[in-house]
Amino acid sequence: MSAEAASPSHWLAYPLGLARRSPTFVVGLGIVLFFLGLALLAPVIAPFNPTQSFSYEVLQAPGGRFFFGSDGNGMDVLSRVIHGSRYAFGIAVPAGLIMVGIGMPLGLLAGYKGGWLDEALLRTLDVLRAFPTIILALAVVAATGQSLVSMVVVIGLLDSPIFARVVRAEVLTLRSSTFVKAAIAVGNPSWRVMWVHILPNAILGATAQLPMRMAWAVRISATLAFIGVGIQAPTPEWGAMIRQGAEYVITGEWWVALFPGLALMTLVLGFNLLGDGLTDLLDPKRRGVGK
Amino acid sequence: MIKSFSKTIMLVIGMWATLAVPVVAQEKTLVMAMSATPKGFDPDIWVPGQIEAAVNLYEGLTRYGTRTGGNGKPEVDPSKIEPHLAESWTVSPDGKTYLFKLKKGVRSPFGNELTSQDIVWTYEKSAVQKRTGQFMRTAARIDKVEAISKYEVRYTLSDANRIFLGALTLHLPAIFDSVEAKKHATPEDPYATKWLALNTAGFGPYHLQTLQGGQQAVFVVNPNYAFKKPYFTRMVWREVPSPATRVALIRTGQVQYAEQIPFQQLTALRADNSVKVESVPGFGGATVRMNPRYPPFDKVKVRQAVAYATDYAAIGEAVFLGQGTRSRSMLNSPIAGAVSAYKYETDYNKAKQLLSEAGYPNGVDVTLEYSTNWWWEEPLVLQMQASLAKAGIRVTPKRIPSTEMLARRTINVWTVPFLTHLTSSFVPDPSYNMFLTAHCRGSSNVNANCDAAMDKLIDASVVERDQKRWLALLEQAQNLQADSATFVETFLPGTHEVFAACMKGYVWKPHNRLVWKDLTCAS
Amino acid sequence: MGEKGALIAKFLLVRVAVSVPVILGIVFLTFMLIRVGGQDPVAMLAGPMADEAMLTALRAQLQLDQPLLLQFANYLFRLVQGDLGVSWQGGIPVWGEILHLFPATLELVLLSVGLAALIGVPIGLRAATHPNGWFDQLSRFGSLAGFSMPTYWMGLMAILVFFYILRWAPPPMGRLSMEVVAPTVVTGSLLLDCILAGNWQALGSALAHLALPVACFTLLAAAPMIKQSRAILIEIMNSDYVRYARANGFSKATIRKMALRNAATPLLTFLGMELTSLLAAAALVEYIFSLSGLGQWGLNAILLGDFAVVQGYVLTLALFSVFIFMVIDLIVMLLEPRR
Amino acid sequence: MSLLSVEDLHVHFIARGINNQLRTAKALNGVSFTLEPGQVLGLVGETGAGKSLTALALLGLLRPPAKVVAGKIQFEGQELGLLDHPGHRSPRGKSITLIPQSPKTSLDPTARIGDQLIRIQREHGQTDTAKAHARAIEMLGQVQIPDPVQRLKAWPHELSGGMAQRVLIAAGLINSPRLVIADEPTTGLDLTVQAEVLDIFKRLVTANGMSAIIITHDLGIVAHYCDRMAVMFAGTIIEEGPVNQVFGAQTHPYTQSLIASTPKHIAQHGFASAVGSPPNLYDLPSGCVYKDRCPKAQAVCDTRLPTLDLGPGHRVRCHLPNPYS
């Protein structure tokens, strides 16, 4: 073990160390950044306009003019997959913000104050846990129209209590720690204790969970689209594309459903890996021992 | 590790299952992959799967004749009405009273013979239920139904009309075996509607043997059927909700018929020699309709502009994949009296010119609402959006749940300004069809397509008994409708039934459902 | 045992008392949500030939024209008497359908969750005993891949490969092939009925039809199992009592047995949660493999706006979840000396 | 021939930092000592001095990133593999047992006390459960646990700290080992219970002719219960010898400062200077590891440390030993 690794100043040292420490984090981050790049550069990269239909070139096999082939409406699958990443992030990021916006304070208060608020949160969680999310999402989306905005709001709201539970768990462990008791003993008002002492520490654990919840958001929006409730054609959303492609799978036009399915799975996997890696890095106990 | 684990399990089970399959008794069974098991069998109550079953369980007093079509195959001839459960009938000079003589020895699976009592009982039942059966009675203008003797029934009509005999070909209102049905009547349900909802008692070729909701329904041949015995003695109706799975089943020969196969699959299936696709244009047209009560569609020039700005060629290719036939009027053959009244062709300049004349020089913003009742709605809306944009008509597609669409397009509700709809009806009679779609009181009138002159023409055609004058009225009405341009006529999607290769004998019927008794298998 | 019995009775009472408001909350939420959702079943029921008058008559007949709260009160009143109303698709009582269809879903879910536990826990254990070893990284990656795989897409691909191309799996159209005579329904679960009836041929066919859906569903259920059991077991492997056991020279097998014994209760609680969330996911697997379970019936009702059925479906899931939590917590209470 | 002899034991911790840099912490730097049968050795030093690490090395419980770089351990003349784990093939776990530090959490929470005691015996060849059961009752009696038959059915969480420690002592001695290593056995307990537990432990060890190593940072325990003591600092034994000699005429400045900070001494002589912060194991100073904090440090301290003999079995590693003034 005596060989000295790359000298500390070498710029590669830091990422390599990270990669060795938690490969899942690096792979996850790589995938998410790749799709983020796709989303940002979509109009530039995509060979065709995603909703432009070539009436005379329906269901063309991959290769040739359409790299990933064309779908039932004669639209290029590759462009639609690329633009689909915009919708994935378009849902995941704002839904994530809503989750944090509502979940964080809710979890903080419930964890710190306890009492009826904590009880209320737990009961809503019971209801949510026993409730098939498909129905909740369906009804609300149907009521508010099937636009992207209503989708994001529904997913964000649906998930905030779950996110709040994560924050609450963090806060509960912190609340019993000595430095918090000391802060209270010194006479800090409760909001200061929460804001200054507990929140910064709770944020760490919570942010590790955020990518997992964003993965869930992308997946649930695609499931809703697949059932035929979420975002519909012609918007290039992966779930809707899989749904349309589903029928073609058996008659041999496998590419219509395969590529959006792969894209959806890889991005959701990327988010999950990122979250898992993040929890590992931030949580010393579970860090496991280096080689 | 998981992969190989599940693979070996399936291998073992797969082998084991096939070994143990017994030889099915000599019955000829036809297996159908349907989207859902029927939720009821009473033709008066519309529920999913009811019509597909009822057309094979109940039959009418009359039936349409058949002729050899252009491709040499038998097809229905709507101009000829032949006797069926009724042996013969006489008509009074004023065309208002019909006296039917029933065929003797017609028995239901329960052994009861068909008598005039059964006919009277069915109309009484429809009157109580006030549902689809009752509607047919008003459409055919039936006033009274009386049993004269055991085998004679007299119909009195409120006024002579051409729809009546055609209406009697239908399974609706169904001729029940009232003797059997009465055994299940109860004080609060005198016409045994509850029993008839989930059981069958009629004089048709088949009747229900078992029903396992959500899984499977089995129908067997009526041993006492009065006409030629069907080839298939046992029909197994399997519920397979996913279309992709249905396609897989028909292509691997596991089933002999698959229902509601997505249109885009047809080209691939035609190329597959283990499958036979029977296509018939039918007379239902895919249309985009405008409601004159909502601006900008209140101006006829705007409506005509939309008709001109529609890219018919692209719709034919991208939506119907070259397999539809162009719709030339609100009535299409084989309906008698159909003329090609709809003369609009794609012409963006004319559309723009009409728009500016109507007061919209820089185009107009509209919302085109569609739902999931028919597969072609979504791709058609996409094509309309693309082509109309070229004439400055900016369309925003909006998808609404099918139940909401059903509610908002009902007569006198009419709150959908711009929507997609299929012209369809059970009876191929021109007057009846025009009554349905273009008359103020027509139940399939979904876009307030209501105009006094048109109503007058249609009412006249219904009672007009002279053939020449009748055809003239029909032509006039179709031209009036085309000029009003409240319908954008695109294509007839046609009916495409997918069978196993060995199947023969399919004849398309106006109710557009599969008739099991005609089918045979040459394997 | 007296003291123990009293303890259990008290626990059950408290739990039932607590879950009544939760169930009520769910029933109310579903009732309101579907009606808000723009779906109007009356038009569908009246049929294509309906006109205005028929619609209003039907609406009155089904009491849909009354204010929402009054409708809810009626529904609740009938619910208390065990009348779940009638499906508008065919006038079939909802309660009967639930009894008829729920065993099929249960069969699929319980079999899959069981298999997932059998696969997940050992993998979790192996990963925990060698943290950050190659197996640990691989299992973490595999479990996350399982998390990310959309169920419906996996089902489709499975049918394409195993049925359509390889012909290993039987045709995905129901729970039993046609040639086989179905056993008399006793428990509703096909497998049990076959065994009870001694009808081995039907059992073979039923198992063959269940193989692919269960395989897909097991993958879906195994992902969280692996992740959770790994987390629990890592914690146990780093605990003081395991270190002490090692110091005492215990064999690997004894340590593993001890670790599993300690992991039993947290895993059981997690299993309970998994079971309830998978119940809802079963709908998609049933849809694709036409297994005609409760999920397929519920999903179809949601899309068609068949209110009574949707409410029945959600209520069943809610009741089942509460029941599962109660049973699991009870087992944990009995198993767990620490409390 | 001594029961146990440890020669020049080196243990390093190799870890890859966040910047992918290999970093080695030299935790044990040449620990050598011997233990005669029946002897009780006190291993004392501040936290981080390597006391527990030595015990883990003896028990073969070192796991990555800890690595035994050099050294030899001989037990009853037989060399112990530096890396092989306790198990029925090796004396570790049977002849060398451990009494852990945190009693309550070291017992398996889901098994009754009796079952755990029987399991320890069964793991090491005792097939007759009835005998094992009897042995367990006998051991509980020896550690003065009232009503042992009833106590066997108890769950770990039902025991108090002192009671749990007694059970662990019983467990440590149940297979009649020859060497028992007690790693800070009484830290979590209050004083009165501490004395009771240690009395029982000492009595049983001497009664069965076993030898023991008590790891503690409490000099009082070493003085009262141990025959010999070894003072550790930064991974090396800087002074070793019979208890009365080291206390009597201890010479190493670090030992002096340790004793100076015991409560008894402060009561008599007032508070001496603070002991200072533990050394940085990542880059240890050359020569004497204590030189930075040693009040009497001189230039010679930079050179290699000799091992000076100050009387029978009393050794010290320092350049300028002077009697306690």
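A: Start with strands. A strand is a DSSP run of E, at least two residues, and a helix is a run of H or I, at least four residues; both are numbered from the N terminus. Two strands pair if DSSP finds at least two bridges between them. Here, B:Tyr206 stands opposite B:Val221 in β9(B). This is a predicted model: local features need pLDDT of at least 70, side-chain atom pairs count only at pLDDT 80 or more, and totals for chains, interfaces and linings use all residues. Residues are numbered from 1 along each chain as its sequence is written, with chains lettered from A and ligands numbered from 1 in the order in which they are written.

Q: In which sense do β8(B) and β9 of chain B pair?

A: Antiparallel, over 6 bridges. Both belong to an open sheet of 7 strands with mixed pairing, ordered β8-β9-β10-β1-β11-β20-β12 in chain B. Its edge strands, β8 (206-212) and β12 (275-280) of chain B, each pair on one side only.

Q: What does pLDDT tell me about chain A?

A: pLDDT is the predictor's confidence in each residue, from 0 to 100. Chain A has a mean of 78, and 83% of its residues reach 70 or more.
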